[in-house]
Amino acid sequence: METFNLLMQGFQTALTFQNFSAAAIGALLGILVGAMPGIGSLAGVALLLPLTFKFNPTTGIIMLSAIYYANMYGGSFSSILINIPGDSPAVMTALDGHPMAKKGHPGKALLTSNLSSFIGGTIGIIILTISGPVLARLGLKFGPVEMAALLMVAMTSLSWLMGDNPTKGLISTLLGIILATVGFDIVVGTPRFDFGSLHLLGGISFIPLVIGMFGFSQVLEMMEPREATDTINKKLTLKDSLLTKEEFKRIIPPAIRSSFLGTIIGILPGAGATTGSFLGYVMEKKVGKNKDKMGTGIVEGVASCEAANNAAAAGAFAPLLSLGIPGSGTGAVLLGGLLMYGLNPGPLLFKNQPEFTWGLIASLYVANVITLVVAISIIPFLVKILKVPTRIMVPIITTVCIMGSYSSSNSLYGVVLMLIAGFVGFHLKKNNYPIPPLLLAFVLAPTLERAFRRSFIISDGSPLIFFQKPIAAVLIVFLLLTISSPIFKALYRKIRGNRSEISGEANRSCGETK
Amino acid sequence: MKKLLTALLMTALISGVVFAEGQNDTAGPWAPEKGVEWVVTSSAGGGSSIFTQSIVEIIKSEALVDENIIINYKTDGGGAIGRRAVSTMKNGAHTLLTFNSGDLKPLVTMEKGDLDGLTPLAVMALDGQIILVREDSKYKTIEEIIDALKAGERFIMGGSKSDDEEIYNAMLAEIGGDLEYLRSDSTGEALTQLLGGHVDMAISKPAASFDLVSSGELKAVVSAGATRFADPFDAPTFGELGYDIEFQIYRGVVGPADMPAEAVEFWSDVLAKVSKTSAWSENYINKFLLVSNHLGAADAKVYMQKFEDMYTGN
């Protein structure tokens, strides 16, 4: 009850006219910055953070959370409209979002993305309000061993994104892992595959890689001789952007499922929104009603990853506020911002500075609503981008690619990397090698490697440790069942071929691969 | 006629330049003309981050610098990228870098750099490291841990990728036993692992673990400095226990090698002013149990050079 009162007080502070307008301005700027590829939520928050220092602490924090949310919304815009993910979680959004736009429903894709972001954010914040500190404690149970087990499950789930040719999918995944090994060895700190270059020593940066693989390779594709089918001549009105009642109903179940999953992933130390949105999408691909159509441009695909992404972002606040430990790069920048306001996140925060803390949580609610309104109201302008003819789009996207890759590291290294990635990506795509597994493997591999090697340091080299810790053991058993399920299935069919009635035990094993 | 004109023009130009130089000298000291970027090469929430936040806050509240200061966390490549970016900056009067002994060590041992690539502006304080265990740990004092180590028990020790590992190496050499080091990206990560019970103890600076120790979740068992810390970090030093393990780290600020002299003077002066404020001694030095030890630009260079010589073995 006390919690509730404090939250209400928080709302009172958050809803003054000044704070409200600060949040609206923050939301608008955040969407614009977040929509620029290469800037994404991490750099976006960092860029706009100084702006909030002009206000008093409460207003500043509210504006900051609006910027944070709006950045997450904006990241999906470029993904959907021009197939260039603004940040790493948006890679998943592009899978269904861009095909939807190509089919002539860019408005619907954007609205789906915004609505599910809103649902994800809201559920995430509600869970945070009720049980943030408790959940942060549970998250601590995920040490290196548990994380290694979880990431092994995630890595094997990549097989569901591999498309028709598993061999090519596997090659693509392994390419991603190889690229991820460049740079500092994360466990003992020695350089790997740097070839004497300081840029390579810092590792291959994700943003230029993603911009090249998705964006620039697309420019190359557009310049090929092509059939005249991909420009949209239909008139795009606001009405087209609205979802039908039936589509709206289709969004709700995946969005809610993903929100819960996303919040939990967000709370785990070091897992982050990318893992969240990826697992949300994969889960939908396994259990959803339209799972066979995933990847062809359906609302469920967009809803599942966007909801998970924003829920994870809210979940990441739990360890940030109650332990003072940021769960992601963006979290680290936010922590920096909170420290500037004299707010010391940590176990004493809820006790020592309750007004401020609950004010922050209340402002997350307010920011979420305002961002939704702002985002929806600019959709009609955004969808016009798709009506721009190819001959004008090519130079524009090229410029955006170069700018985005330059600004991610403020050096030409990013641009060179982007161009190489674009060239490689173009040829991979032409030869039907799927790109998303490569990028996701690139994101997941370092975390997996770190957790895996740390586990062996802890166990002094014994692999038994994965079975000694209960959480890890459950995950590993799940993993083994998933991997071996095709064998069980084949066996099952054989037995059924011989006999007509059998015990349905093998039936319950978890996976079915295609 | 033409020659005369050329000569006149040259004289005019030269005197113009000289005049401008003279003007510059009398126009008062240099001050930043645009926003200032302050680079921190370790994660937000760690010791360097708190150090930098505290200075920036004081600069703002005392209005020592008119322009905005933006803290930029560049943690790629263990900080190597950020350090290289600052050191190679041309005419960089508007860039600062938080630089402590933990940053100097990888710079000279792994990145083939040295202090000549940077301009020391100040040493602000001396910090110490402390080893923490969980409140409900099986071993609550360093004596118990040492006994268990000698009895052959296995311990995992967490710490950040910076100079924390030196303490582990020294402990291994002085005490021995089955002690393993789990290197984390940041002190925050090491503390998360300690809280979750994935490591048995962790090395931290008092600033980064202040809340967790004050709230009683973590407990200090031994200090790696020359003297004990005050409460709540009160614990024996290794010296008291008869081991030759003593580390001290400095916290300083540097700029690019190519920082103009007048900017060096300006920043050295601003940082000296910060170190004299009561906010600095109350909200940073005393609160996080550091030792105030301000050195200006020239002295800081000599001081940091001693550390460099130690790391390179010269």
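Which residues are buried in helix 7 of chain A? Hold on to that for a moment, everyone, and thanks for coming. One caution before we look: this is a predicted model.

Let's start with that helix. Helix 7 of chain A covers residues 144-157, which makes 14 residues. From its first C-alpha to its last it reaches 20 Å, close to the 20 Å expected at 1.5 Å a residue. The helix is mostly covered, with 11 of its 14 residues buried. And here is the list I promised: P144(A), V145(A), E146(A), M147(A), A148(A), A149(A), L150(A), L151(A), M152(A), A154(A) and S157(A). What do these buried residues pack against? Their partners are helix 13, helix 21, helix 22 (465-468) and helix 23 (470-498) of chain A.

In chain A, helix 13 (residues 272-287) packs with helix 14 (residues 299-315) at an angle of about 145°, and the two axes are 7 Å apart. Is that crossing of helix 13 and helix 14 of chain A left-handed or right-handed? It is right-handed. If you want to find the contact on your screen, look on helix 13 of chain A for residues including G272(A), A273(A), G276(A) and G280(A). On the side of helix 14 of chain A, the residues they meet include G301(A), S304(A), A308(A) and A312(A). By type, the residues of this contact between helix 13 and helix 14 of chain A divide into 10 nonpolar, seven polar and two charged.

Now let's bring in chain B. The contact between the chains takes 33 residues from chain A and 34 residues from chain B. On the chain A side, the elements giving two or more residues are helix 3 (40-52), strand 1 (183-184), helix 9 (198-201), helix 16 (329-340) and helix 21 (435-459). Helix 16 of chain A gives the most, with six residues. The chain A side of this contact divides into 21 nonpolar, nine polar and three charged residues.

On to chain B itself, where I'd like to show you two sheets. One is an open sheet of six strands in the order 2-1-3-10-4-11, with mixed pairing. Its edges are strand 2 (69-73) and strand 11 (291-295) of chain B, each pairing on one side only. Neighbouring strands here are turned by 25° against each other on average, direction ignored. At one end of that order, strand 4 (residues 118-127) and strand 11 of chain B pair in the antiparallel sense over three bridges, and V123(B) has L295(B) as its bridge partner. Helix 3 (residues 80-87) of chain B lies across strands 1, 3, 4 and 10 of chain B, at about 130° to strand 3. Helix 4 (residues 101-109) of chain B also packs on the sheet, touching strand 3 and strand 10, and its direction makes about 95° with that of strand 3.

The other sheet in chain B is open too, with five strands in the order 7-6-8-5-9 and mixed pairing. Strand 7 (178-184) and strand 9 (218-223) of chain B form its edges. From one strand to the next, the twist averages 30°. Strand 6 (residues 154-160) and strand 8 (residues 201-204) of chain B run parallel, joined by two bridges; G158(B) has A202(B) as its bridge partner. Helix 5 (residues 142-150) of chain B lies across strands 6, 7 and 9, at about 75° to strand 9.

That's my tour, and I'm happy to go back to any part.

How values were computed. Residues numbered from 1 in each chain as written. Chains lettered and ligands numbered in written order. Predicted model: local features only at pLDDT ≥ 70, side-chain atom pairs only at ≥ 80, totals over all residues. Pairing = 2+ DSSP bridges. Helix = DSSP H or I, 4+ residues; strand = E, 2+ residues; numbered from the N terminus. Axes fitted to C-alpha atoms, helices over the stretch in contact; angles between N-to-C directions. Contact = placed C-beta atoms within 7 Å. Left-handed = near helix turned anticlockwise from the far one by under 90°. Nonpolar A, V, L, I, M, F, W, Y, C, P; charged D, E, K, R; others polar. Expected span 1.5 Å × (residues − 1). Buried ≥ 20, exposed ≤ 12 C-beta atoms within 10 Å, placed from the backbone.
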